[in-house]
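Work through the exercises below with the sequence and coordinates open. Try each task before reading its solution.

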Amino acid sequence: MTMGPENWHYAPAPESRDIANLKANYQMFVDGKFVDGAGEPLKTVNPATEEVLAEVSTASAADVDNAVKVARRAHDKVWGRMPGSERAKYLFRIARLVQERSRELAVLESLDNGKPIKESRDVDVPTAAAHFFYHAGWADKLGYAGFGPSPRSLGVAGQVIPWNFPLLMAAWKIAPALACGNTVVLKPAETTPLTALVLGEICQQAELPPGVVNILPGAGDVGSELVNHAGVDKVAFTGSTEVGKLIQRSLAGSGKKLTLELGGKAANIVFDDAPLDQAVEGIVNGIFFNQGHVCCAGSRLLVQESVAEELLEKLRQRVSTLRLGDPLDKNTDVGAINSKAQLDRIRELTESGDAEGADRWTSPCPVPDKGFFFAPTVFSGVQQSMRIAREEIFGPVLSVLTFRTPEEAVAKANNTPYGLSAGIWTEKGSRILWAAQRMRAGVVWSNTFNRFDPTAPFGGYQESGFGREGGRAGLEAYLDV
Amino acid sequence: MSDRVTVAKTYKLYIGGAFPRSESGRVYPVADSRGGFLANAAQASRKDAREAVAAARKAFPGWSGATAYNRGQVLYRVAELLEGRRAQFVHEVTASEGVKRAEAIVDAAIDRWVWYAGWTDKLAAVLGSSNPVAGPYFSFSTPEPTGVVAVLAPQHSSLLGLVSVLAPVIAAGNTCVVVSSQDRPLPAITLSEVLATSDVPGGVVNVLTGRTAELAPWLAAHADVNALDLTGAPDSTRTELEKAAAGTVKRVLRAPRTEPDWTREPDMARMRAVLETKTVWHPMGV
């Protein structure tokens with residue numbers, strides 16, 4: 001037997017589940033205390049094993065009403081009046097506590113969400129801490145943000161976040177809201193409530209005044225109660241375009257300030273002069289990071305025809321090496337699909353790809369027999385009219401299309417009602433800037449993909465939503481300007 | 001009194017740089033502030049609105065791709081030509097609005113173009129940023145126009161109000177479809193003549209006259225419109241228009257119930273409302 005790489009095997013390197021301090025029961029966080037909600041408790045499941053992780057109490061309509069009132073009082077009496085320099089120190093404390101408890105949060109996130117531990121550990125949790133740290137500094141410098149000398153807070157923010165980056169999305173929402181002097185009622189996703197509730201505990205440990213942050217688990221009905229509550233001044237939603245439209249509609253005439261971060265169908269464009277090995281890494285990161293559960297995922301690969309064959313060959317080879325399985329294993333590249341419902345949607349859409357005549361290639365990686373898993377999949381021969389080229393799959397599925405000229409690449413990339421992100425791969429600087437300018441998308445990654453930073457504004461064009469998160473631009477969403 | 005019979009003007013729409021009649025063939029009488037007949041204005045239809053959106057979309061790549069310097073000069077040119085037609089606008093505003101101090105209103109409208117002309121090449125510096133990201137990347141953010149904007153112009157202030165909502169939209173690089181004041185549409189059409197001769201490319205501004213409540217729903221629901229300014233929308237229609245706008249996630253610029261004081265110096269809010277932020281990343285390394 002030779003000792004080539006093909007015979008190397010990884011020994012399992014699992015992170016210990018005990019680090020998550022998983023409890024049997026979790027409660028809502030309201031007015032600085034953990035309390036039972038009057039809603040039907042939900043059971044949150046480990047998508048990698050289908051085991052119930054914990055029972056979580058949920059909010060009723062009356063609980064939402066109470067939380068909004070609590071947040072209003074905290075805004076009017078405490079947080080909205082507090083000097084920015086004092087608000088800042090609470091946010092710095094939260095940032096530090098997230099860093100201190102990062103390992104626990106990472107393991108808990110991987111258990112509840114199914115994402116690989118290397119991602120929760122290296123991306124989700126550190127970036128969440130960074131968001132608190134960044135926005136802490138703004139709290140007493142808002143007069144320098146370009147919205148006038150002393151921009152005012154809006155009041156109570158009702159925030160609804162998705163299941164793909166549970167803690168990180170909570171940080172994206174809470175940090176700027178608090179920095180700008182607002183108080184928050186946040187609803188985490190039904191399938192991933194746990195890390196947001198630990199964040200509630202962190203708010204307690206930071207001695208954040210009661211009522212400034214309130215966290216209400218529940219399903220869409222709780223989110224709907226929250227965003228439509230008359231006492232909410234600002235609504236921030238991250239999730240599907242379908243639900244975003246419903247929210248925008250239901251808020252019509254209410255005067256509430258709204259920001260939406262919705263779906264995407266990003267084009268990742270590879271020109272013939274691109275460094276192909278680098279591009280392959282970027283393509284893999286673009287679509288298989290977080291199992292493709294990323295609104296800005298590079299789900300449409302547009303390759304210049306002359307290098308398409310070569311690139312596809314390299315891509316399949318590279319994707320074959322991705323390790324799919326136990327999210328807690330440090331060697332795992334692709335974890336579990338977050339829910340059965342999402343797995344069903346991915347299957348349904350990929351079946352439409354078969355039916356419409358695209359060529360499916362599936363990674364030969366072993367797939368665990370328990371849990372919700374979907375092997376990395378690449379469709380080639382995709383036409384723009386196919387559902388897999390138009391609809392957001394939100395899974396580890398890449399659709400490959402080709403183009404001949406740069407103009408064609410731009411036209412195809414922009415041929416979507418979405419407009420969240422785009423990727424450009426070429427060695428030619430002038431072509432990068434030319435193409436970046438033409439992308440109708442809020443974030444353009446050139447010779448890289450899926451980079452996030454609290455200093456860099458993030459958000460969509462067109463039906464990918466409006467408003468920005470991060471950077472100076474992101475503050476506007478939480479100020480009365 | 002001269003014996004000469006004056007040449008009256010036929011007021012038409014302004015679409016794609018041309019002045020067509022409404023395809024519907026409809027007109028409606030426009031009265032002065034005391035109820036006397038001024039002229040017939042074209043009563044635009046749904047089809048006219050769609051034509052206007054198509055013209056605005058077609059003009060978008062050119063206008064949004066023009067240099068900021070160029071856009072600034074074109075907007076300044078509008079002010080120059082407006083100044084040259086000052087007396088005509090004073091006359092029209094007086095007739096439409098019945099105001100005594102129309103000179104001051106026209107002067108303010110001219111100065112507003114100058115104010116916005118100067119913004120075109122400052123927006124990126126003021127609203128954009130170099131982002132100090134925690135990694136070996138160069139990251140920058142820059143404002144970009146959101147696309148085609150439907151503007152429901154103020155109902156009362158037929159010139160200054162109109163300029164105050166129109167200039168920020170095109171200064172930011174958008175193209176637009178403007179529905180003029182319903183009962184005071186004439187200054188808007190005369191302004192179109194100024195735009196048509198000031199190097200504003202055809203289709204960048206399209207002006208419809210007619211019933212705001214009839215035209216607005218089509219624009220609010222149109223999938224090729226990216227943003228909606230509700231300033232001149234009748235109160236009773238605003239909620240429905242916002243709902244229609246949600247169908248394609250439009251940016252909606254809401255408006256106070258009563259028209260603001262248009263003589264006040266504006267701020268950046270109207271431009272921010274029709275600008276996107278684009279963030280671009282590139283790795284750094286040798």
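**Exercise 1. An annotated span**

Task: For residues 33-252 of chain B, find the distance between the end C-alpha atoms and the helix and strand content.

Solution. The model is predicted. Finally, look up the record. An unreviewed UniProt entry annotates residues 33-252 of chain B as "domain: Aldehyde dehydrogenase".

**Exercise 2. The interface**

Task: Describe what chain A and chain B bury between them, and which residues of chain A lose the most area.

Solution. Start with the area. The two chains bury about 3,100 Å² between them. Carbon and sulfur atoms carry 49% of that. On the side of chain A, Gln248(A), Arg440(A) and Tyr461(A) lose the most area to chain B. Together they make up 16% of what that side buries.

Now count residues. The contact set holds 45 residues of chain A and 36 residues of chain B.

Then turn to polar pairs. With both residues at pLDDT 80 or more, 26 residue pairs are in polar contact across the interface. Sort the chain A side by class: 19 residues are nonpolar, 14 polar and twelve charged.

Last, apply the salt-bridge test, with its cut-off of 4 Å between nitrogen and oxygen. Two salt bridges are counted between the chains. In a salt bridge between Arg272(B) and Glu476(A), the closest N and O atoms are 3.1 Å apart.

**Exercise 3. A sheet with strands from both chains**

Task: Trace the order of the ten strands in the open sheet and locate the edges.

Solution. Read the order: 13(A)-14(A)-15(A)-12(A)-11(A)-16(A)-17(A)-10(B)-4(B)-3(B). The pairing is mixed. Strand 13 (359-362) of chain A and strand 3 (129-130) of chain B are the edges; each has a single partner strand, so one side of each is left without a neighbour in the sheet.

Check the step between chains. Strand 17 of chain A pairs with strand 10 (residues 275-283) of chain B in the parallel sense, over three bridges. Trp445(A) stands opposite Trp281(B).

Then check a step inside chain A. Strand 11 (residues 267-270) and strand 16 (residues 421-425) of chain A run parallel over four bridges. Here Asn268(A) stands opposite Gly423(A).

**Exercise 4. One glutamate**

Solution. The side chains of Glu201(A) and Arg101(A) are joined by a polar contact of 2.7 Å.

Methods
Residues are numbered from 1 along each chain as its sequence is written. Chains are lettered from A and ligands numbered from 1 in the order in which they are written. This is a predicted model: local features need pLDDT of at least 70, side-chain atom pairs count only at pLDDT 80 or more; totals for chains, interfaces and linings use all residues. Side-chain values use heavy atoms; hydrogens and water are left out. Contact means heavy atoms within 4.5 Å. Buried area is the accessible area (1.4 Å probe) that two parts lose on being put together, summed over both. A salt bridge is a side-chain nitrogen of Lys or Arg within 4 Å of a carboxyl oxygen of Asp or Glu. A polar contact is a pair of N or O atoms within 3.5 Å; within protein, one must be able to donate a hydrogen and the other to accept it, and residues adjacent in sequence count only if both atoms are side-chain atoms. Ala, Val, Leu, Ile, Met, Phe, Trp, Tyr, Cys and Pro count as nonpolar, Asp, Glu, Lys and Arg as charged, and the others, Gly among them, as polar. Two strands pair if DSSP finds at least two bridges between them. Helices (H or I, at least four residues) and strands (E, at least two) are DSSP runs, numbered from the N terminus. UniProt positions are given in the numbering used here, feature names are shortened, and annotations may be inferred rather than shown by experiment.
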